[in-house]
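Hi everyone, thanks for having me. I'll talk you through one structure today, a piece at a time. Have a look at it on the screen first.

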Amino acid sequence: MNAFELARPKSAAEAVQLLTGEGRQHMALAGGQDILALMKDEVLQPVRLVNLKSLPGLNRIEVDRQGRLNLGALVTLAQLEAAEPVRKAWSALAEAAAEAGTPQIRNLGTVGGNLCQKPRCWYYRAAPLHCARKGGDACLATTGDNRYHSIFAFGGCVAPSYSALATPLTAYQAAVEVQGPGGTRQVKLADLYRSLEQDPTADTVLKPNEIITRVVVPPARGLRVAHREVRQMASHDWPLAMATVALDTNGGTVRQARVVLGAVAPIPWISAPAAAALKGKPVTGETARQAAEAALKEATPLSENGYKVRLTANLLRRTILAAAGVGEG
Amino acid sequence: MDGSEPGDGQGFSRRDFLRGAATGAVVSSLVGQASAADPPAPSASAPIVSGAVTAQLMVNGHRLQVVVEPRTTLLDALRDGKAPDGKPIDLTGAKRVCDRGACGSCTVLFDGKPVYACSVLALDALGHAITTVEGLGDVDRLHPVQEAFVQHDALMCGFCTPGFVVAAAGLLKANPHPSPEEIRRGLGGNLCRCGTYSRILEAVAEAARTGKGA
Amino acid sequence: MPSWPKERRLLGTRVTRLEAPLKVAGRAKYAYDQNLPGMLQTAVLGSPHGRARITRLDLEAARRMPGVKAVWTGGGPGRELRHHGEMIAAIAAETLDQARDAVRKIDIAYEVLPAVVTEEDSMAPNAPQLVREGNVNVRNNEGRGDVPQGFAAAKAVFEGTFRCRVVTHCCLEPHGAVAQWDGDRITVWATTQGIHDVKDGIANVFKVSPANIEVICEHMGGGFGSKFGLEHEAVVAASLARDAGRPVKLMLERENEQTTAGCRPSAVATIKIAADESGRLTAFDATTYGTGGIGGGAGFGLPFMYRVPAFGRKHSDVRINAGSARAMRAPGHPESSFLMESAMEGLAVKLGLDPLDLRRRNLPADSLWQKQLTLGAERIGWPERLPTGSQTGRLRVGYGCAVTGWWGGGHDSNARVAIHNDGQVEVWCGTQDLGTGTRTALAVVAAETFGLQPHDVLIHVGRASYPPSGSSGGSSTIGGVAPAVRTVSETVLGQLFERLAPALDAAPADLEVAPGVVRVKGKPDQSLSWKDACARLGAQGLSAEGAKDKSLAGGGCNGAQFAKVEVDVETGIVRVRKMVALQDCGLIVNLLTAESQVYGGVVLGIGYALYEERVLDRDSGRMLNPNLEFYKLAGPGDMPEIEVIMQDLPERQVIGLGEPPTIPTASAIAGAVHNALGVLVPSLPLTPANVLAALGEV
């Protein structure tokens, strides 16, 4: 790790000010579970870390009067996993949090950090390799060993989105509250991530001197939601695929569906074809299968990850059935 | 130094240090600059810290002064750190194996919860109670989890063992009567290469059964 | 003449490890844990490329960095680097951060050369030549009997190609050492499987008299075959320490450990195998290759444990741009087992035979294997096994089995044993405890001999100044050190009897020990307590040093393992539900630690079967997973129920145990997956990608 200075702001506004680097690389430190490893590997070499953990009030889980779930950006994954209101009303989020990382990671890793983790690609994370994400000419995984990478194309980089929370939060249509020099703004989860083509220098819409302060999740009353993932190892392992399915049903028929896949695309992958396939139909083994097939029709697997297509289709089918509560087939 | 002896033979008695009475509400803080050559001394409220500073950590119930930089991890402070007078901290129970939060060998308790000491900055431990494997028990006064590991032969080379012991102690503190599945999940952040898992799971179940895990 | 006791009081019982309290309390000091006064820390620059030539190397800026005290380099411009991680330079400084900062200031440039990282690329006619001897060493080395006739006479012939990938040792304590010079004397704290080899190596490299060298290894964090001899890291540490005039610690970072500190070679075999009506093998023919990295060797035996009257084989060792192989727990054997047992699985289908039955018919009828196969089949529930390929559901259950064998004969060993006049027994042996429980085994043997408790005996191992003992490899330690301690303990006991005979009014030959007492045989009231007996020894006590009596060690052990798995055909994920491991090792010294060895072998085998693989990038030649995140090690959640059944056969003397239990695990699991799916998954590890591909789902 290079030497850096550690700033300890007292307020979000001060944090933003301290992050403003004017050409010097300043970065935010929350739980530290991703950034410290990247710094040890010399993939990131900020000259200043702005420690957000001293910010007051960002570690609270609250349900507001509109029934929305408010998660401070510094809420840990362990807090989220254990919080009664979350387990009750946004259970897929609690389940996803419980599956993220390891107990040790969940005890320090934060909601904000989980959403902002850097691409977990073995080319990106090898400092001597100049992949496109690091300003190089090409995505090395596309032509290299991509067994764990994306099967859905989205703008050049094929590192899969591994954020355990982004998948369910996108399905719950959550938004993040972002604080920057000009005050706060809200960004929908569905708009948070940027492709390499959209922005070669950042993988989210956050500017270097912006921080996530809160995540706001709309009430999920009436929605049937399930989250499932496939990991090769039962112990700590990055998922091969994740799926969150949220169904708004009326008398057994799907009124609206939201289908989000994780670990298979560079961003949480919202499958419109799968949602469309479910709309207006009852959830059965057959309609679930059709929806899953519709989702995977868009897949463009790489040289080494064709196996993820069937695996993801099967996972999605099971997740749809689980959301509908009709058994997992 | 003879590794079979718990003392360290360097004029720094770790055993006495560990056995001293735990003090109550000690607020850890930055206590000043390490050398006059550095910029003016920051206080705990100073907005920016750079270069070497002396930090006061709360480790195993004791105030511990250690010279660190912002980039020094808690693990490195414990293992390789030195007090302002140059004496090594020498708490080498937590091991540096992957140094990337993947193996669990450096697990310590952070306010009672297991964390990877390699993935926490030492300066981020200010104000928090740190417990290392050395603080759980000593050779002749083992913690129940440690005792169960001994009895069940839940160790071989022993390099992962401190991490597992601390993770298990943290698990039982939060959940004194875990199911076998909860034990597996609770230890899911730790790896062993010798293959002691079966006996680790037995040992932790045993420590939980006797109700003395926490 | 020394012998093992006919009635065993401690041998074969479960004795907890002497050093366990130190280890669980975090007080055991490994080489990595040394904090010597004035000690420097070292950072290493490893090659970032799979293959490159250094065109510029300027260390001056690095030397001038704060805290830097010594710099080592293995050569500058012109030097060809042949694998990722290959050590270029090492810098010792006051702190590790300072050493790393200095490494970042090394001014170096490379001419990147095309790297070759697959066996097939390396064997291609136009492949770049990686070393002067050439990339491929073809050995037409084996053959016996009339192979064409064997195939012609067969009822069934099976042919298939199977592949084992390279896996790394992943020692949790990385390779490295702490070195301290005091004039022309040197002390090395090593993490090693052979303290005497380290000593010998230091003497040769640094031209130091062995009398001036001490090597210390009280505890070590895993070797698995990768820590023999004087390691490069220790040489560099000692050089830096000499140059700096300060103690130096050099422990590899994980990336360098994974790329440079050893691996198990790959193994690929195209096998043709045949059997007659009775299921007896008639012929075997194989074309095989493997890579041991840039160092070359990738040997493994075929046709493994089975008797085949006619066989032929052509093998190639292939070099690639990757770290060299080192011995890894049963070198060559898990590979041989998987390749051969896979072929046996295929052949069983062709013959319409239960695969267990096929194994039985090709192993000696009077061998221990037959009994083990019977017992194991019962414990795993073999009768519940459905015919291969008969299941149609999403989750399919399968059963598999495989056998193992190993020599495990003991190495040479000496020991010194002393009895003090307060009754304390002390043992010195220049061996090292790898985590196998060597220290405790010595205590069991001494305590058995003297009528004491193991935890009352003081055991000293892990110093090269102690009586010489062999390196810990080939499962040879227990058969070396246990006989040595028994032999010398019996010598000392004989001396004790000589001394006590007058007091007990009996001939020395008529004396014996019982727990806590020395007494006259057949006259239990004619006795002295151990303490009283020893009190008569005077200030000098008794002691003796000597070599082991070879008759106390045996060789050749058998085992079998059974696996029950569940495969999700929609995801390709394999979960092992149960393993049964049956193992003999002759006379068991400590049942508790012997069982742990078997558990450990099975767990390593589960990782080999399902998860582990060194992944190299074909373009850069870099290892893509030099970490413990994408190099997948099984964790607690991946453990099945493991039933260990030890067979105690004391008449066969003491035999080593470390390696045999990891040989058949992956094969048994792969056989179970075959049974569940009805198709052979031809490549380890049995990942979702490989399983789904075998099912035609990719």
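Let's start with helix H3 of chain C, residues 96-104, which is mostly covered: seven of its nine residues are buried. By buried I mean under 20% relative accessible area, while exposed is over 50% and partly exposed is in between, using a 1.4 Å probe and protein chains only.

Before I go on, a quick word on the model: it is predicted, so local features need pLDDT of at least 70 and side-chain atom pairs count only at pLDDT 80 or more, while totals for chains, interfaces and linings use all residues. Residues are numbered from 1 along each chain as its sequence is written, chains are lettered from A and ligands numbered from 1 in the order in which they are written, and side-chain values use heavy atoms, with hydrogens and water left out.

Back to H3(C). Its buried residues are Leu96(C), Asp97(C), Ala99(C), Arg100(C), Asp101(C), Ala102(C) and Val103(C). What covers them? The cover includes helix H2 (74-80) of chain B, and from chain C strand S1 (40-46), helix H2 (60-63), strand S3 (68-73) and strand S5 (87-93). Those come from contacts, meaning heavy atoms within 4.5 Å.

Now find Arg82(C), in the loop between strand S4 (80-81) and S5 of chain C. Is Arg82(C) buried or partly exposed? Its relative accessibility is 29%, so Arg82(C) counts as partly exposed. Leaving out residues up to four places away in sequence, Arg82(C) touches Gly50(C), Leu130(C), Val131(C), Ile294(C), Asn321(C) and Ala322(C). Glu60(C) is 22 residues from Arg82(C) along the chain, and their C-alpha atoms are separated by 25 Å.

Most residues other than glycine have a negative phi, and most peptide bonds are trans. In chain C, the bond from Leu302(C) to Pro303(C) is cis, with omega near 5°. You'll find Pro303(C) in the loop between strand S16 (281-291) and strand S17 (310-318). Another cis bond joins Leu684(C) and Pro685(C), with omega about -5°. Pro685(C) is in the loop between helix H16 (665-677) and helix H17 (688-694).

Then there's phi. Asp99(B) isn't a glycine, yet has a positive phi of about 60°. Asp99(B) lies in the loop between H2 and strand S5 (107-110) of chain B, and at 6% relative accessibility Asp99(B) counts as buried. Over in chain C, Ala330(C) also has a positive phi, near 65°. Look for Ala330(C) in the loop between S17 and helix H9 (333-351); Ala330(C) is buried, with a relative accessible area of 0%.

Okay, whole chains. Chain A comes to 13 helices and 12 strands. Its radius of gyration is 19 Å, close to the 20 Å the globule rule gives for 329 residues, so chain A is as compact as a globular protein of that length. That radius is taken over C-alpha atoms, and the rule is 2.2 Å times the number of residues to the power 0.38. Along its principal axes, the C-alpha trace of chain A spans about 55 × 50 × 35 Å, and 63% of its 329 residues count as buried.

Chain B has seven helices and seven strands. From the N terminus on, they run α-β-β-β-β-α-β-β-β-α-α-α-α-α. Of its 214 residues, 64% are buried.

Last stop: holes. How many cavities of 30 Å³ or more does a search of the whole structure find? The search finds 14. A cavity is a set of points, on a 1 Å grid over the protein atoms alone, where a 1.4 Å probe fits but cannot get out, and lining residues have an atom within 4 Å of a point. Grid points are joined across faces, edges and corners, and a volume is the space filled by probe spheres set on the points.

The largest cavity holds about 230 Å³. Its lining has 19 residues, and those nearest its centre are Gln117(A), Pro119(A), Ser161(A), Asp203(A) and Pro266(A).

Conventions. 1 Å grid on protein atoms, 1.4 Å probe; cavity = no way out; pocket = protein on both sides within 12 Å on 5 of 7 lines; lining within 4 Å. Helix = DSSP H or I, 4+ residues; strand = E, 2+ residues; numbered from the N terminus.
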